[in-house]
Amino acid sequence: QVQLVESGGGLVQAGGSLRLSCLASGRTSEIYGMGWFRQAPGKEREFVAAISWDGGMTNYADSVKGRFTISRDNAKNTMYLQMNSLKPEDTAVYYCATSRQFVPKTYDYWGQGTQVTVSS
């Protein structure tokens, strides 16, 4: 089993920044690709960003491209999401997830989520 704990969420004004962290523990040897997802009230969960095991490949949803940056520090078993130029439509619960695939396509473990609220 892999346990994931997100942190760094909060309330921020539009145009502001937040950095989310996702700390992995447990069977971290099962972790290769990682990703961030979000779910706004009344909406389905949606993909935000993904990163390969070595960090060499990243992928972003069009809605966050150019504003969000995904990164990871394998020595710390931690993944990050730097969010800049935040908009009210970024308000959601953000979840991190891990994959056994080098470049993630499907995900095996999920965190509990951290709330991000962007006020206008």
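Does valine 103 count as buried, exposed or partly exposed, and at what relative accessibility? Valine 103 has 31% relative accessibility, so it counts as partly exposed. The cut-offs explain the label, because buried means under 20% and exposed means over 50%. One caution before I go on: this is a predicted model.

Where does valine 103 sit? It lies in the loop between β9 and β10, with β10 covering 109–110. Tyr32, Trp53, Met57, Phe102 and Val103 form a nonpolar patch on the surface. Together these residues have about 450 Å² of accessible area.

Now the inside. In soluble globular proteins, nonpolar side chains tend to be buried together. Here, the largest nonpolar core has 29 residues. Trp36, Leu81, Met83 and Tyr94 have the most contacts inside this core. Who supplies the residues? At least two each come from β1 (2–7), β3, β4 (34–39), β5 (46–51), β7 (68–73), β8 (78–83), β9 and β11 (114–119). The top contributor is β3, which gives 4 residues.

Next, the disulfide. The count comes to 1. Cysteine 22 and cysteine 96 form it, with their sulfur atoms 2.1 Å apart. The torsion about the S-S bond is about 60°, so this disulfide is right-handed. Cysteine 22 lies in strand β3, residues 18–26, and cysteine 96 lies in strand β9, residues 92–98. The pair therefore ties together parts that are 74 residues apart in sequence. And both cysteine 22 and cysteine 96 are buried.

Last stop: strand β11. Start with its partners. Strand β2, residues 10–13, runs parallel to β11, and 4 bridges join them. Valine 12 has valine 118 of β11 as its bridge partner. β9 runs antiparallel to β11, and 3 bridges join that pair. There, tyrosine 94 has threonine 114 of β11 as its bridge partner. Tyrosine 94 is the Tyr94 from the core list, one of the residues with the most contacts inside it.

Now look at the side chains. In a regular strand they alternate between the two faces of the sheet. So which residues of β11 are on the covered face, and which on the uncovered one? Thr114, Val116 and Val118 make up the covered face. Gln115, Thr117 and Ser119 make up the uncovered one.

To recap: a core of 29 residues, a right-handed disulfide, and a surface patch that includes Val103. Thanks, everyone.

Conventions: Residues are numbered from 1 along each chain as its sequence is written. This is a predicted model: local features need pLDDT of at least 70, side-chain atom pairs count only at pLDDT 80 or more; totals for chains, interfaces and linings use all residues. Side-chain values use heavy atoms; hydrogens and water are left out. A disulfide is a pair of cysteine sulfur atoms within 2.5 Å. Buried means under 20% relative accessible area, exposed over 50%, partly exposed in between (1.4 Å probe, protein chains only). A nonpolar core is a set of buried Ala, Val, Leu, Ile, Met, Phe, Trp, Tyr and Cys residues joined through side-chain atoms within 4.5 Å. Two strands pair if DSSP finds at least two bridges between them. Patches are made of residues with over 30% relative accessible area and no salt bridge: like charges are joined within 9 Å, nonpolar side chains (Val, Leu, Ile, Met, Phe, Trp, Tyr) within 5 Å. Accessible areas come from the Shrake-Rupley method with a 1.4 Å probe; for residues, only the protein chains shown count as cover. A salt bridge is a side-chain nitrogen of Lys or Arg within 4 Å of a carboxyl oxygen of Asp or Glu.
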